[in-house]
Amino acid sequence: MPQRAMSRKSPTSGARLEPVFRSSTVDMIADRIREAILNGTLPPGAALGEADMAYQLGVSRGPLREGMQRLAQEGLLTTVRRRGLGVVTMTEEDVHDVYLMRSAIERAAARKLLRADQRHIKNTVKLLTAELRRMRRASTKGAARQLGDSDLDFHRTLVDAAGSQRLSRIIRTLLVETRLCTLSMHDSYEVRADLPDSHERLVAALSERDEARLCALLETHMANTVEWLTAPPPKRVDDYETFAVPTPDEPQPLDRLELPDGPR
């Protein structure tokens with residue numbers, strides 16, 4: 001008598017498994033170098049030797065080269081005096097371009113956000129208010145690095161709240177370029193002490209759902225920052241109170257990556 005084939009159901013039959021995302025070695029390398037550019041560990045103009053970088057990160061040169069090429073495509077690395085890739089140094093023209101793009105991206109995000117439901121807008125106001133409190137604390141202490149970091153986090157939060165992956169992806173590169181603008185234009189890492197005041201006005205406009213005022217404030221904020229970054233030092237010192245912290249002139253060692261088991 002023929003045996004009936006028995007079907008075995010997996011314990012998870014019928015259940016939908018969510019995909020597990022795992023960063024590749026190349027992703028981790030690009031993220032680590034991007035972070036090092038952002039925090040000034042790899043200053044503008046720093047040449048990045050492949051062999052030395054691979055040793056520091058504990059990776060082979062193949063994925064390192066791929067990760068660095070990815071950052072070159074983003075515009076964060078460039079060829080440095082025929083010595084391979086290095087960190088970009090921003091010019092005054094670059095500063096104008098970066099903030100022009102930021103103004104367009106952030107105003108687009110603001111308009112999209114204001115078309116969301118009221119609960120989402122209210123939650124975004126809470127998140128931005130928390131960042132504003134961080135700014136106030138950093139400003140009170142004169143902590144330049146913390147003030148600058150909270151500024152970038154504020155604008156990243158604003159764009160992310162719009163719910164557009166494309167806008168969020170673009171703003172992440174622009175914010176690293178923003179930090180490079182500051183580091184390239186100044187001899188040290190310098191931020192304006194009045195950042196909390198300008199950002200408080202942004203939060204108020206969003207809270208009141210005033211699209212025209214919010215977009216105008218964003219545009220003014222970007223234009224004022226460009227003027228400050230590109231103005232000659234006497235004007236900058238006379239017109240604005242700032243906080244500053246020294247930054248290295250040479251690239252600093254990077255921490256070794258904690259890689260998953262497998263090829264590196």
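Predicted model: local features only at pLDDT ≥ 70, side-chain atom pairs only at ≥ 80, totals over all residues.

Colleague: At what angle do H4 and H9 pack?

Modeller: Helix H4 (residues 92-113) and helix H9 (residues 211-230) pack at about 165 degrees with axes 9 Å apart, the axes being lines fitted to C-alpha atoms over the stretch in contact and the angles running from 0 to 180 degrees between N-to-C directions. Helices here are DSSP runs of H or I with at least four residues, and strands are E runs of at least two. H4 and H9 are therefore roughly antiparallel (over 145 degrees).

Colleague: And which residue classes make up that contact of H4 with H9?

Modeller: The contact (heavy atoms within 4.5 Å) has nine nonpolar, four polar and seven charged residues, where Ala, Val, Leu, Ile, Met, Phe, Trp, Tyr, Cys and Pro count as nonpolar, Asp, Glu, Lys and Arg as charged, and the others, Gly among them, as polar.

Colleague: Switching topic, is Glu190 buried or exposed?

Modeller: Glu190, in strand S3 (residues 189-192), counts as buried because its relative accessibility is 12% (buried means under 20% relative accessible area, with a 1.4 Å probe and protein chains only).

Colleague: Which side chain makes the 3.0 Å polar contact with Glu190?

Modeller: That is the side chain of Thr242, and a polar contact of 3.3 Å also joins the side chains of Glu190 and His186; such a contact is a pair of N or O atoms within 3.5 Å, and within protein one must be able to donate a hydrogen and the other to accept it, with residues adjacent in sequence counting only if both atoms are side-chain atoms.

Key:
Residues numbered from 1 in each chain as written. Heavy atoms only, no water. Buried < 20%, exposed > 50% of the residue type's maximum accessible area, 1.4 Å probe, protein only. Parallel < 35°, antiparallel > 145°, perpendicular 65-115°, else oblique.
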